[in-house]
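Please look at the sequence and the model below before reading on.

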Amino acid sequence: MSWVADYEYTWAERISMRALRTCGHIPKHVAFVMDGNRRFARSQQIDKIEGHSRGFSKLADCLRWCLDLGINEVTTFAFSIENFKRSSEEVEGLFNLARDKFAKLLKETDRLNQHGIRIRVIGNIGLLPLDLQELVATAMLSTEVNDKLFLNVAFSYTSRDEITQALETVLQQGNSFISGSNISERLLEECMYTRHSPAPDLIFRTSGETRLSDFMMWQLSGSVLYFSNVLWPQITFWNFLASILAYQRDRYRLEKFRRAEQIQSAQLARTSDFHSERVQQFLQSMDEDRRKLLVRLASSKMC
Ligand code: FPP
Ligand code: MG
């Protein structure tokens with residue numbers, strides 16, 4: 001199964017897609033919490049890893065829908081740090097699925113490049129087995145020139161860990177560049193895994209759960225939250241469409257809130273000297289260190 005499905009639209013789906021594109025505002029960034037894979041597996045009497053694998057196929061459909069609708073960025077919750085607490089059999093099964101999918105990704109980089117898709121894995125990848133870290137790093141580097149659709153795969157991720165890691169980066173790497181008065185919301189935000197992404201406009205969680213489960217809690221304060229009872233492997237184009245309609249209905253209320261947030265963040269950035277040369281140099285060196293780590297991991301894969 002490719003990362004971008006060859007989805008065959010029905011006539012009605014095609015017309016609806018066109019209407020949605022021409023009549024309403026399309027979100028720039030959509031986040032998915034792909035929940036309900038094991039309940040789906042139980043209902044079909046299949047193995048839970050097969051349920052996760054069917055979940056991956058739906059992700060590929062969703063990517064196709066997002067691409068065709070003109071959405072620029074997709075973030076998907078594939079493995080929470082909390083998931084390490086599941087049985088070792090399931091964790092290993094999920095890692096094997098990821099190994100298989102990232103290895104396939106490397107074989108289809110031409111197709112991803114053709115669509116302009118850049119893959120970024122966001123999360124504490126140091127917690128993963130080394131071979132998976134190397135695979136993930138290679139996948140990220142092999143699509144890094146693309147900029148039509150950004151796919152952020154949250155793997156070994158929780159929001160609380162992301163914030164803690166950002167703080168650690170400031171304290172450990174910021175020493176020679178910044179002082180305490182430079183620490184601001186804006187600086188922390190720029191040290192997160194999502195540094196290069198706008199906040200999601202819409203988050204879609206399946207399976208009837210109405211929680212965020214430690215996913216992008218910092219980034220979602222001004223997003224439209226959409227919850228559906230459908231289990232992730234059963235999501236259809238029409239469920240997806242309903243979420244976009246909900247976004248189009250609710251976005252006006254949120255825009256006022258977002259504008260106020262932006263004004264406040266700009267004020268905080270000014271008072272903490274965020275735009276100073278020292279702070280910008282720190283961020284640049286952080287980016288360089290992060291890339292160097294990927295290159296090191298990718299090259300040890302080749303050895
Ligand atoms: C939540 O359903 C889903 C997960 C923990 C894993 C999701 C992973 C995939 C769909 C595969 C993605 C792989 C890559 C490489 C992107 P659940 O297990 O919590 O199911 P339940 O809520 O029914 O128990
Ligand atoms: Mg669940």
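At what angle do helix α2 and helix α3 pack, and how far apart are their axes? In this predicted model, helix α2 (residues 37–44) and helix α3 (residues 48–69) pack at an angle of about 120°, and their axes are 8 Å apart. The contact draws on N37, R38, F40 and A41 from α2 and on K48, G51, H52, R54 and G55 from α3. By class, the residues of this α2 contact with α3 are two nonpolar, four polar and three charged. The crossing in which α2 passes α3 is right-handed.

Helix α3 also meets helix α9 (residues 237–271); their axes come within 11 Å and cross at roughly 50°. On the α3 side the contact is made by W65, C66 and L69, and on the α9 side by F237, F240 and I244. The residues of the contact of α3 with α9 comprise six nonpolar, no polar and no charged.

A further pair is helix α4 (residues 88–107) and helix α6 (residues 130–142), which pack at an angle of about 30° with their axes 10 Å apart. Angles under 35 degrees count as roughly parallel, and α4 and α6 are therefore roughly parallel to each other. The crossing of α4 and α6 is left-handed. F95, A98, R99, F102, A103, L105 and L106 of α4 meet D131, L132, L135, V136, T138, A139 and S142 of α6. Ten nonpolar, two polar and two charged residues make up this contact of α4 with α6.

The ligand site comes next. Which residues are closest to ligand 1? Ligand 1 is surrounded by 18 residues, and the closest are D35, R38, R39, H52 and R86. Two of these, R38 and H52, also belong to the contact between α2 and α3.

| Residue | Protein atom | Ligand atom | Distance |
|---|---|---|---|
| G36 | backbone N or O | oxygen of ligand 1 | 3.4 Å |
| N37 | backbone N or O | oxygen of ligand 1 | 3.2 Å |
| R39 | polar backbone atom | oxygen of ligand 1 | 2.8 Å |

Key. Residues are numbered from 1 along each chain as its sequence is written. Chains are lettered from A and ligands numbered from 1 in the order in which they are written. This is a predicted model: local features need pLDDT of at least 70, side-chain atom pairs count only at pLDDT 80 or more; totals for chains, interfaces and linings use all residues. Side-chain values use heavy atoms; hydrogens and water are left out. Axes are lines fitted to C-alpha atoms, for helices over the stretch in contact, and angles run from 0 to 180 degrees between N-to-C directions. Helices (H or I, at least four residues) and strands (E, at least two) are DSSP runs, numbered from the N terminus. Angles under 35 degrees count as roughly parallel, over 145 as roughly antiparallel, 65 to 115 as roughly perpendicular and the rest as oblique. A crossing is left-handed if the near helix is turned anticlockwise from the far one by less than a right angle, and right-handed if clockwise. Contact means heavy atoms within 4.5 Å. Ala, Val, Leu, Ile, Met, Phe, Trp, Tyr, Cys and Pro count as nonpolar, Asp, Glu, Lys and Arg as charged, and the others, Gly among them, as polar. A residue is near a molecule or strand if one of its heavy atoms lies within 4 Å of it. A polar contact is a pair of N or O atoms within 3.5 Å; within protein, one must be able to donate a hydrogen and the other to accept it, and residues adjacent in sequence count only if both atoms are side-chain atoms.
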